[in-house]
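Please walk through this structure with the sequence and the model side by side.

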Amino acid sequence: MIDSSAFHGKKAAYFTLGCKLNFSETSTFGKMLQEMGVKTVAKGEVADICLVNTCSVTEVADHKCRQAIHRMVRQHPHAFVVVTGCYAQLEPEKLSHIDGVDLVLGSNEKANLIQFLSEEWAKRQDNQGEETKGKYHAVSKVKEITSFAPSCSRGNRTRYFLKVQDGCDYFCTYCTIPFARGLSRNPSISSLVQQAQQAADEGGKEIVLTGVNIGDFGATTHERFIDLVKALDEVEGISRFRISSLEPDLLSDELIDYCAHSRAFMPHFHIPLQSGSDAVLKLMHRRYDTALFAHKIKMIKEKMPHAFIGVDVMVGTRGETPEYFEECYSFLRELDVTQLHVFPYSERPGTAALRIPYVVSAADKKERSRRLLELSDEKTRHFYTQYIGTEAEVLFEKAPRGKAMHGFTPNYIRVELSPSQAREEYDNQLIKVRLGDFNHDETALKGEVING
């Protein structure tokens, strides 16, 4: 039994690392605590509760997680500190022994975060004056991770993030996600439609579908991702849906065709490639080759010439010889995509990739990343330039006082309104603008509101 009165008037601080899925989950935890009377801490205030939602996709991510936890403990020295997320699942003992951490929850347990927090909070109150920090963690074995924590929240943003799936069955050689989040699972289409309708009732206009491997939707309920898309497309009040990331082998031709003619699914795709070399893809145990990937890109562009396509690429993985990297670079150079999200390979304990003999030096990883990032900038600039002088509807987000206001077109072009043009009432509104030249740092196109 949760005693919500024990939390009334308390203040909480949140810190999220990693993906949009983590952000969505943190936002939902915050909303649940808010309903129990917990306020989000303001700048300069000291919190009673701290929640750190961790990531473990790279060694750098692990380091950032530890830094964030130490920072939280310093800034809020008497707070009850909860750590969850992927790093918590993989390294619970290490995190539970960090001075100041009270509770570590794995991927299965975070679905009951409020229950665990309530129970451990009560123990602390009963043991005032006794040292209880760093003593408790609850983490299930990977095969026991079966729970699904629903999440549809926007936090302090305009767009909602709807969690439609969790876990992964793919076991790529470089990746720890199946060990951190368990196998693929999902809720029903009907429950997700209800959450989307609730977001619409709250005034939401755009929803981003999130998950670990969302194209694998249906593993639990024996439904199909395309049927989820069709059902969500009928939710009244939501003007825009975006699909956060979709594996190329799960991006069906049927789905591409549907999105091209749908009411609300935007011409915006994010597709992980990881390598443009077939030899490296085999080493990674990816389930497609470059020919299939190129087919998907070609089909998207034939049906939606204006579509924004983002692509994940990993550089410097074990086995990526200089020749294989050049194959990757050449493949990407010819590919009609908009932006590359470039990640240097990071060795993860327990992964099969560690058995691959060829190791890429740190200097070579850095140089390969630099070349691909330059290629990405060229592609993005070329894409944006095509739309200078055109008109588009932009969903704007509230800007900090005195700062430029930003939003996105249907095909994910970032648009900036100068402080003189920005209006508070534009927040979460679809505003018609004329797209001008690049802004000062070339991260967006300048927008001019079209009145009338």
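In which helix is Phe 179 found? The model, which is a predicted one, places Phe 179 in helix α6, spanning residues 177-181. The relative accessible area of Phe 179 is 32%, so this residue counts as partly exposed, a class that lies between the limits of 20% and 50%. Together with Phe 171 and Leu 183, Phe 179 makes a nonpolar surface patch of about 250 Å². Residues in such a patch need over 30% relative accessible area, and Phe 179 has 32%.

Next come the strands. Strand β12 (residues 308-315) and strand β13 (residues 339-344) run parallel and are joined by six bridges. One of the residues to look at is Gly 310, whose bridge partner in β13 is Gln 339. Helix α12, residues 322-334, belongs with these two strands: β12, α12 and β13 make a β-α-β unit, and this unit is right-handed. In a regular strand, side chains alternate between the two faces of the sheet.

The cysteines are the next topic. How many disulfides does a search of the whole structure find? The search finds zero. A disulfide is a covalent bond between the sulfur atoms of two cysteines. The cut-off used for the sulfur pair is 2.5 Å. For Cys 86, the closest cysteine sulfur is that of Cys 55, and because the two sulfurs are 6.2 Å apart, they are too far for a bond. Cys 86 is buried, with a relative accessible area of 6%. For Cys 152, the closest cysteine sulfur belongs to Cys 19, and at 16 Å this too is too far for a bond. Cys 152 counts as buried, at 13% relative accessibility.

Two backbone angles remain. His 222 has a phi near 60 degrees, a positive value in a residue other than glycine. His 222 sits in the loop between β9 (206-210) and α8 (225-232). Is His 222 buried or exposed? With a relative accessible area of 72%, His 222 is exposed, the limit for that class being over 50%.

Asn 428 likewise has a positive phi, near 60 degrees, and is a residue other than glycine. The loop that holds Asn 428 lies between β16 (414-417) and β17 (430-438). Asn 428 has a relative accessible area of 12% and is therefore buried, as the class takes in values under 20%.

Terms used:
Residues are numbered from 1 along each chain as its sequence is written. This is a predicted model: local features need pLDDT of at least 70, side-chain atom pairs count only at pLDDT 80 or more; totals for chains, interfaces and linings use all residues. Side-chain values use heavy atoms; hydrogens and water are left out. Patches are made of residues with over 30% relative accessible area and no salt bridge: like charges are joined within 9 Å, nonpolar side chains (Val, Leu, Ile, Met, Phe, Trp, Tyr) within 5 Å. Accessible areas come from the Shrake-Rupley method with a 1.4 Å probe; for residues, only the protein chains shown count as cover. A salt bridge is a side-chain nitrogen of Lys or Arg within 4 Å of a carboxyl oxygen of Asp or Glu. Helices (H or I, at least four residues) and strands (E, at least two) are DSSP runs, numbered from the N terminus. Buried means under 20% relative accessible area, exposed over 50%, partly exposed in between (1.4 Å probe, protein chains only). Two strands pair if DSSP finds at least two bridges between them. A crossover is right-handed if, with the strands pointing away from the viewer, the path from the first strand over the helix to the second runs clockwise.
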